[in-house]
Amino acid sequence: MHAYGLGKPDCPICQGLGFIRRSVEFGDPDFGKLFVCVCRQEEITQEVRDRLFLLSNLDSLRELTFKSFHPRGRVGLGKQQSDSLEQAFNHAQSFAGSLKGWLLLLGRYGCGKTHLAAAIANQAVSMGVPTLFLTVPDLLDWLRFSYSDGADKNFEGRFEEIRNIPLLIMDDFGTQNTTPWAQEKLFQIINYRYINKLATVLTSNMDLSEFEPRIKSRLMDPEIVTQVKILAPDYRNPKDDIGHHELSCLSLHGSRTFETFSLRKDEKLVTEDLRSLQKAYEITQSYAKKPIGWLLLTGPYGCGKTHLAAAIGNYQAELGDPPLMIVVPDLLDHLRSTFSPTSSVNLDRRFEEIRKARLLILDDLGTQSATPWAREKLYQLFNYRYSAELPTVITTASMPEEIDQRLYSRMMDERLCTIIAITAPSYRGGRKVQKRA
């Protein structure tokens, strides 16, 4: 009998059968019922886990656990970057322990969002919680396939499974095809789970402001949703130590810091020129520590404007949140490139990235092509950041009459903008001036 039993042959409770009947009186709900013996519990639990892993799409992500995650990231990250990673790690662990509410993980590609989301899923499955882990494009493909004749489940059944699964994790939210059908299905899933307060995790490399308004509204509810932004760069790209924006030229100016800036005291410059350099150095250094309002650096080519602007950017990058530094002609080229059929980013999204940058450094204003389209785009950019009072650094060698007056009027508003005029001549070539005309 033991040879054909399901339990352990030496089990004193079931004698190897694997099942027992409880000794209860007639009329008790458990009277006559078979129950799994404790000697089989571990085996059955493992079977349940294996089945849940199969259903949850976690097979290829089993190694992504909290134990394999580095809470402070790799060596060399800035303090803010490491702090944001650790905060995300702590929030993810807390969520996995309670499975209450929603968790929204935001950050660039490779920063650790998917690892943390998978770690939550793996822990939930190990506890026997039915879980579904899907990238959003795959989720939509899953639903579309359910319309086909070869599908193992019809659309209604699959849609209900997604809406009602105890834990749903949607990875790469925002990368999906934004057809009306896709938007509507996603909203129905989000809205249903929001109303019923079902545990949900979303990851995205988009800013929350870019989400569809109805979905954005629900994700902004602090009573249900915990938002966590990870500032760390791509872990898979060791060369990206800081995590610069793909449009940013700041990485090209890595050596331009406040420490490497020359106040040119060894040159025979007139006092006024030396004072203008000293003043520019002090104001930009103070601004770098706490960027508020606008900063306008004017002066001849080579006087140090770009160096000081880059020093501000590099100081902020060291804190863990690199700003976007871009030469104005390049900015317009990036916007024009979105019209190409091969572009993966549309104009609206690219423009939003630039105009809403936390700190924007615009180098060489006035050297760009002055086409009507270029002037309009720059005006829209300036006007938005002026109205929103977003921290902005601008350098220009142009005279006032050479700049679009709509831009000039905003730069001259001393309530928002601090103007720094560097009178020193070009540093390149080591020109020395003994006497000022």
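Predicted model: local features only at pLDDT ≥ 70, side-chain atom pairs only at ≥ 80, totals over all residues.
I'll start with the whole chain. The secondary structure comes to 13 helices and twelve strands. The protein has 437 residues, and 47% of them count as buried. Take the contacts between residues at least 6 apart in sequence: 75% of those join residues at least 24 apart.

Now the sheets. Strands of a sheet pair through backbone hydrogen bonds, and the pairing can be parallel or antiparallel. Please find the open sheet of five strands with the order β4-β5-β6-β3-β7; the pairing there is parallel. Which strands stand at its edges? They are β4, residues 131-135, and β7, residues 225-229. Each has a single partner strand, so one side of each is left without a neighbour in the sheet. On average, neighbouring strands of this sheet are turned by 10° against each other, if direction is ignored. For a closer look, take β4 and β5, the latter being residues 167-171: five bridges pair them in the parallel sense.

Next, another open sheet. Five strands form it in the order β9-β10-β11-β8-β12, and here too the pairing is parallel. The edge strands are β9 and β12, the latter covering 417-421; each has a single partner strand, so one side of each lacks a neighbour in the sheet. The twist from one strand to the next averages 15°.

Helices pack on this sheet. Helix α10, residues 328-337, touches β9 and β10, and its direction makes about 95° with that of β9. Helix α12, residues 372-388, touches β8, β10 and β11, and its direction makes about 140° with that of β10.

Let me stay with β9, residues 324-327. In a regular strand the side chains alternate between the two faces of the sheet. Are the residues on the faces of β9 buried or exposed? L324 and I326 on one side, and M325 and V327 on the other, are all buried, and both faces are covered. β9 pairs with β10, residues 360-365, in the parallel sense over four bridges. L324 stands opposite L360 in β10.

Now a pair of helices. Two packed helices are described by the angle and the distance between their axes. For α2, residues 79-98, and α3, residues 113-126, the axes come within 9 Å and cross at roughly 20°. That makes α2 roughly parallel to α3. The crossing is right-handed. Which residues meet? From α2 there are A88, F89, A92, F95, A96 and G97, and from α3 there are L116, I120 and Q123. The residues of this contact divide into seven nonpolar, two polar and no charged.

Last, two backbone angles. Most residues other than glycine have a negative phi. K197 has a phi near 50°, which is positive. K197 is in the loop between α6 and β6, and with a relative accessible area of 61% it is exposed. R264 also has a positive phi, near 60°. R264 lies in the loop between β7 and α8. Is R264 buried or exposed? At 2% relative accessibility, R264 counts as buried.

That is the end of the talk.

Technical notes. Residues numbered from 1 in each chain as written. Heavy atoms only, no water. Pairing = 2+ DSSP bridges. Helix = DSSP H or I, 4+ residues; strand = E, 2+ residues; numbered from the N terminus. Axes fitted to C-alpha atoms, helices over the stretch in contact; angles between N-to-C directions. Buried < 20%, exposed > 50% of the residue type's maximum accessible area, 1.4 Å probe, protein only. Parallel < 35°, antiparallel > 145°, perpendicular 65-115°, else oblique. Left-handed = near helix turned anticlockwise from the far one by under 90°. Contact = heavy atoms within 4.5 Å. Nonpolar A, V, L, I, M, F, W, Y, C, P; charged D, E, K, R; others polar.
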